[in-house]
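Thanks for coming. I will go through a few local features and then one whole chain.

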Amino acid sequence: MANQLIVSLSPHVHGGDSVQRNMYGVVVALIPALLCSFYFFGIGAVLVTAVSVVSCLFIEWAVNRYLLKNPVLTIADGSAVVTGLLLAFNLPSNIPLWMVVVGALFAIGVVKMTFGGLGCNLFNPALAARAFMLISFPVEMTTWPVAGHSFAVYADAQTGATPLAVMKDAIKTGDTSMLDKLPSAFDMLVGSTGGCMGEVCALALLLGLVYMLVRRIITWHIPVSIIATVFVVTGVMHQLNPVFASPVLEVLSGGLMLGAVFMATDYVTSPMTPKGQLIYGVAIGLLTVVIRTFGAYPEGMSFAILIMNAFTPVINSYCKPKRFGSVEGSAK
Amino acid sequence: MKTFKIGGVHPEENKLSAAEPIRLAPLPQVAVLPVSQHIGAPAKPVVDKGDKVKVGQVIAEAGGFVSAPVHSSVSGTVLKIDSVIDASGYAKPAVFIQVEGDEWEESIDRSEQLVRLEELPGLTGKDIVAKIQSAGIVGMGGACFPTHVKLSPPPGSKIEWIIINAVECEPYLTADHRLMLEHADEILVGVSLLMRAVDVNKAFVAIENNKPDAIELMTQKARIYPGIEVVPLQVKYPQGGEKQLIDAVVNRQVPAPPALPASVGAVIQNVGTAFAVYQAVMKDKPLFERVVTVTGKSLARPSNLLVRMGTPMSQLIDECGGLPENTGKIIGGGPMMGKALLNVEVPICKGSSGVLIMDEKEARRSRPNPCIRCGKCVAACPMGLEPYLLADGAAHEMWDMLEANAVTSCIECGSCQFTCPSHRPLLDYVRMGKSTVTGIIKSRT
Amino acid sequence: MNTIVLAVCVLGAAGLILASVLYVVSRKFAVKEDPRLGEVSAILPGANCGGCGFPGCSAMASACVRAADKGSLEDLSCPVGGMEIMNKVAAVLGMEAIADETPRIAVVCCNGSCENRRQIREYDGVQTCRIAHATSMGTTACAYGCLGCGDCVSKCQFGGLSMNAETGMPEVDATLCTACGACAKACPRGLIEIRPVTHELTGMVVRCRNKDKGVQAKNACDVSCIGCKLCVKKCESNAITVEDNVARIDAALCTLCGKCEQACPRKSIQKIGEWDTPQEMPAEENPVTETITTKNKAQ
């Protein structure tokens with residue numbers, strides 16, 4: 001025989017899954033939402049997305065090559081692409097491009113690489129960068145172009161109030177009639193409202209969810225628990241006091257869909273057992289409702305997820321999987 | 001359809017040789033019989049250089065209670081007692097026999113006639129166990145645990161069922177499948193013998209659903225055997241694991257080690273062992289040959305061969321078309337739990353269920369990535385453990401943490417490493433942690 | 001203005017109250033520790049290498065204090081600090097100085113480099129010696145030889161071992177080795193020995209542990225010991241014994257005459273120090289080196 005025999009321990013076969021397959025699967029799931037954002041927000045969306053993805057890739061490559069002197073080409077695994085896309089989805093389409101680069105620098109350089117690179121970050125890079133940009137550039141990050149009106153226009157896009165801002169006003173003033181300004185549920189589902197690029201078309205996001213479930217990239221536990229919690233809690237609130245918007249509108253508005261399907265399900269920052277994931281999802285849902293209702297910001301999803309990211313290690317150590325032969329799940 | 005409740009994966013089945021009837025492998029020129037083909041104390045040789053031996057003659061006596069004798073599988077002259085590299089990856093003592101002719105011990109009944117249990121009413125459970133012990137029968141599924149020990153459960157344990165493992169969940173292997181199709185009656189008599197040995201009146205024969213012909217045949221034949229029920233199971237790896245089998249068939253979960261299946265009332269035996277039991281008790285034939293699946297995508301003729309122990313694997317591979325050019329690994333057993341062999345001369349032993357030829361490309365591991373904390377290993381683990389945590393802990397020598405997280409419950413099935421998208425060598429580390437922690441626990445007592 | 005005054009007062013009062021609470025708690029719940037423990041810990045090197053046999057320098061300090069109470073520091077020694085440190089500890093604890101001890105060094109008792117020992121198969125598993133050893137006899141025909149994955153190198157906290165890329169074997173740097181024994185514990189095949197050093201960092205060692213019969217050992221490696229016993233015949237101090245087809249030299253009896261090295265047909269016997277090139281390092285920079293080299297100069 002020409003070559004030497006290879007020796008290693010079992011197993012000697014592999015199921016074929018890989019980091020690339022999962023990351024690029026997420027990218028494919030994001031395509032419907034991406035196309036919707038181009039349709040509703042025009043050239044601005046294209047520019048912001050492109051700059052975000054390219055910056056994220058460049059920063060990860062540069063940090064690996066020059067700071068860490070790591071010979072492996074980590075950008076090939078697709079995680080930087082996903083971060084780039086998700087970061088873009090959190091931004092308004094008329095944001096100056098240099099701010100996008102700053103956001104990418106924070107997301108990849110600070111949140112991901114300083115903690116150790118892929119698999120080691122404590123917080124979701126795209127969300128942490130969004131929070132950073134919100135605090136650093138409050139005006140640009142809270143001026144939302146209105147969907148569908150500005151295809152070829154970028155910087156001078158017509159801006160307006162988002163559904164969440166309207167809901168916030170209603171709560172602050174106690175005036176139920178303000179809720180009449182809200183778009184219909186159908187409009188919010190399909191996406192002709194204001195907001196950040198990725199969050200407007202709930203239908204596209206749901207398509208992405210179905211795709212990821214079918215390809216077994218994520219499981220149902222986190223998205224369903226978040227959406228169900230928000231639906232139930234806001235439903236109760238709406239019954240008690242009509243100044244709170246209806247649960248259907250709450251679920252379809254703002255970053256809830258985007259967060260529930262793509263941000264909270266990020267592997268690295270979410271718990272690893274089904275029980276832990278359900279607890280995580282319920283807590284995110286509750287925090288989102290609390291922040292949306294009582295907080296200063298109209299949107300609570302990103303902060304809720306970031307807060308729960310910090311709890312993920314604790315959830316992981318207390319929510320052990322059900323061991324074979326034991327009665328209960330959380331053995332110590 | 002029944003299955004085990006926690007974890008599991010679905011490797012490609014690749015049952016290339018499922019339709020190949022069992023055929024005889026040619027006798028070797030020199031038979032190399034290791035003295036340790038079982039778990040427990042190695043057997044002690046009772047022959048010397050120059051001795052003439054016959055097929056079925058004892059050439060090594062059991063080294064204790066948890067041990068088994070070794071019988072010659074060939075007739076000829078003992079060449080030497082030397083060492084040979086076996087599936088463990090190290091050289092172990094073995095008896096080398098120059099093969100001359102094929103003369104069997106006279107006591108062995110070579111007739112084809114089926115001997116039913118009803119024909120021997122005076123045969124007690126104790127007689128059966130004694131015959132099994134002297135025939136050198138060990139678990140033929142690959143674990144090689146001495147069968148007579150398993151049939152002598154600790155006093156105080158209440159055995160309710162025999163469960164026959166005809167699942168063959170490993171990809172590529174088809175030996176048990178063909179054995180059922182061609183020797184169903186003998187197997188069922190063997191099952192009845194096992195039932196009498198532990199004094200139970202109920203036995204299950206568990207078969208995975210990818211063998212519908214075997215399920216149908218066994219179900220039909222089992223009708224005349226009281227107390228034997230054929231149970232089809234969902235195809236999922238590792239359904240053939242002892243604990244998973246008991247969970248699926250009778251819905252009971254064996255507690256963590258040192259608990260044994262006997263503590264939940266079950267005794268498991270591989271279907272090949274049941275066949276060997278029939279031959280030992282009814283035909284006075286000790287264990288010296290077995291069915292081996294020789295297979296692989298690059299092999300010319302994947303087959304199921306009836307092989308004498310001690311035959312070097314090279315001979316079997318030649319019988320199936322020769323070793324392909326770009327072979328990377330030769331695996332003793334299946335791809336999930338088998339051992340990568342060091343050379344082609346490794347001899348067939350009592351636990352050798354298969355020889356799998358894997359080409360170089362498929363044999364090489366991919367470069368591992370960092371853990372992306374996806375949790376797929378946790379979902380896959382059939383014992384409900386957290387492989388990512390155990391592997392990390394073992395790599396950092398955190399033995400206390402490993403013990404607290406039940407590393408000794410790991411059955412080394414490989415589902416975690418199979419699933420990991422980052423291609424991390426999880427099981428390599430977990431195994432290392434498990435053996436270290438087991439050693440630490442033993443040293444405390 | 002009032003708000004500033006109010007803020008200062010409130011915060012000042014809060015600070016005072018909390019400080020008092022902390023003070024009271026630190027006094028009331030203070031753990032009484034033997035003051036000698038702190039003194040001894042300060043003298044010990046603080047490397048926490050485990051060479052003394054205890055899990056860290058503070059554990060060694062406790063052991064010293066306990067031993068002092070029993071009357072003798074005899075069984076305790078810090079290989080990093082050497083006798084100088086141990087004598088300082090003895091002084092602090094009010095005990096007599098301890099007798100000098102022979103310096104020791106780690107020796108890799110295998111010379112099966114890539115050139116000497118043919119590789120006949122590939123290992124594709126995790127590249128640590130421990131797992132490689134558990135997988136199989138290795139990539140060569142010698143089941144006793146160095147696996148080359150460098151567990152010893154990673155365990156050394158003093159940089160005393162490094163992997164030579166050409167030979168595939170670990171090499172000991174005599175100036176950095178503190179003989180703490182971590183590498184010896186790390187090697188799954190027990191190939192590293194901590195041997196006493198005599199005669200200015202040299203001594204005779206059989207660099208082979210292959211227990212296979214002569215023919216097998218010969219085929220596996222060009223410099224293996226085949227158990228021929230020619231060295232035993234030549235040795236005038238009865239320092240060499242052959243057991244399980246492999247020779248071993250007792251360092252206590254060896255006079256360094258070198259006759260065994262000349263007699264060995266396999267070139268298995270070597271002088272320690274002849275293949276290591278101690279680095280040119282000024283003694284002041286490395287207190288550990290100072291201890292070993294000044295001690296040897298004194299001899």
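A:F58 and A:W61 sit three residues apart in helix 2 of chain A, residues 43-67, so about one helical turn separates them. Helices here are DSSP runs of H or I of at least four residues, and strands are runs of E of at least two, numbered from the N terminus. In general, an α-helix has 3.6 residues a turn, so residues three or four places apart point the same way.

Before I go on: this is a predicted model, in which local features need pLDDT of at least 70 and side-chain atom pairs count only at pLDDT 80 or more, while totals for chains, interfaces and linings use all residues. Residues are numbered from 1 along each chain as its sequence is written, chains are lettered from A and ligands numbered from 1 in the order in which they are written, and side-chain values use heavy atoms, with hydrogens and water left out.

Back to the rings. Searching the whole structure gives seven aromatic pairs over all chains. One of them is A:F58 with A:W61, a tilted pair with 6.0 Å centre to centre and 40° between the planes. The rule covers rings of Phe, Tyr and Trp, the last by its six-membered ring: they pair if their centres lie within 6.5 Å, and planes under 30 degrees apart count as stacked, over 60 as edge-to-face and the rest as tilted. A:Y297 and A:F303 are also tilted, because their planes are at 35°, with ring centres 5.4 Å apart. A:F58 and A:W61 also belong to one aromatic cluster with A:Y66.

Buried means under 20% relative accessible area, exposed over 50%, and partly exposed in between, with a 1.4 Å probe and protein chains only.

A:T83 is in helix 3, residues 79-89, and is buried at 9% relative accessible area. What does A:T83 touch, not counting residues up to four places away in sequence? The list is A:C56, A:A107, A:I108, A:P125 and A:A126, where contact means heavy atoms within 4.5 Å.

Helix 7 of chain A, residues 163-173, has A:P163, A:L164, A:V166, A:M167, A:K168 and A:A170 buried. The cover over its buried residues includes helix 8 (185-190), helix 11 (247-252) and helix 13 (274-294) of chain A. Just after helix 7, A:G174 takes a positive phi of about 75°.

Now some backbone geometry. Most residues other than glycine have a negative phi, and most peptide bonds are trans. A:R216 has a positive phi, near 55°, and is not a glycine. A:R216 lies in the loop between helix 9 (202-214) and helix 10 (221-240) of chain A, and is exposed at 67% relative accessible area. In chain C, the non-glycine C:N238 also has a positive phi, about 55°. C:N238 is in the loop between helix 9 (230-234) and strand 7 (240-243), and is exposed at 65%.

As for cis peptide bonds, one joins B:Y237 and B:P238, with omega about 0°. B:P238 is in the loop between strand 11 (228-233) and helix 5 (242-250) of chain B. Another joins A:S10 and A:P11, with omega about -5°. A:P11 belongs to the loop between strand 1 (6-7) and helix 1 (19-41) of chain A.

A:P11 also turns up among the contacts of B:P335. Leaving aside neighbours within four places in sequence, B:P335 is in contact with A:P11, A:H12 and A:V13 from chain A, and with B:E170, B:P171, B:Y172, B:L356 and B:M358 from chain B. B:P335 is in the loop between strand 15 (327-332) and strand 16 (339-340) of chain B, and counts as buried at 1% relative accessibility. B:P335 and B:Y172 are 163 residues apart along the chain, with C-alpha atoms separated by 7.9 Å.

Last, chain B as a whole. Chain B has 13 helices and 17 strands, and 60% of its 445 residues are buried. Its C-alpha trace spans about 65 × 50 × 50 Å along the principal axes. Among contacts between residues at least 6 apart in sequence, 74% join residues at least 24 apart.
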